[in-house]
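Reader: I would like to learn how to read aromatic contacts in a model. Please start from the general idea and then turn to the case.

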Amino acid sequence: MHRGAKIVVALPANASTGYAWSIASKPTAVLRRVSQRYVRPTSGLLGASGQYRATFVARAKGTTVLRLRYVRRTQPATPPAQRYSVTIVVR
């Protein structure tokens, strides 16, 4: 990526399960989250999965690892149901 570019992370999520994606990596000067939201499913089916979307902007040159965890909101200390990580290189 180049400085100033945006990246969108979109992951499957289901608000009815009590789980939500949370950022597990420590903040760095390289990447900054500018927004996050849950996108509801369009099917209208009860219990259907939606999508977690987070937008990040590249702020400085460098490399960072973005880590997310799919955790139960009421029990954040329990092991995550899923994990996601991606290495971001800003030039």
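Author: Rings of Phe, Tyr and Trp (its six-membered ring) pair if their centres lie within 6.5 Å; planes under 30 degrees apart count as stacked, over 60 as edge-to-face and the rest as tilted. This is a predicted model, where local features need pLDDT of at least 70, side-chain atom pairs count only at pLDDT 80 or more, and totals for chains, interfaces and linings use all residues. Residues are numbered from 1 along each chain as its sequence is written, and side-chain values use heavy atoms, without hydrogens and water.

Reader: How many aromatic pairs does a search of the whole structure find?

Author: Two aromatic pairs are found. In one of them, the ring centres of Tyr19 and Tyr70 are 5.5 Å apart with planes at 25°, so this pair is stacked. Tyr19 belongs to strand β2 (residues 19–23) and Tyr70 to strand β5 (residues 62–72), so the contact ties together parts 51 residues apart in sequence. Strands (E, at least two residues) are DSSP runs, numbered from the N terminus.

Reader: Is Tyr70 buried or exposed?

Author: Buried means under 20% relative accessible area, exposed over 50%, and partly exposed in between (1.4 Å probe, protein chains only). Tyr70 is buried at 8% relative accessibility, whereas Tyr19 is partly exposed at 23%.

Reader: What are the ring distance and plane angle for Trp21 and Tyr70?

Author: Their centres are 4.9 Å apart and their planes at 40°, so the pair is tilted. Trp21 lies in strand β2 and Tyr70 in strand β5, so parts 49 residues apart in sequence are tied together. Trp21 is buried, at 8% relative accessibility.

Reader: Which residues form the aromatic cluster?

Author: Tyr19, Trp21 and Tyr70 form one cluster.

Technical notes: Helices (H or I, at least four residues) and strands (E, at least two) are DSSP runs, numbered from the N terminus.
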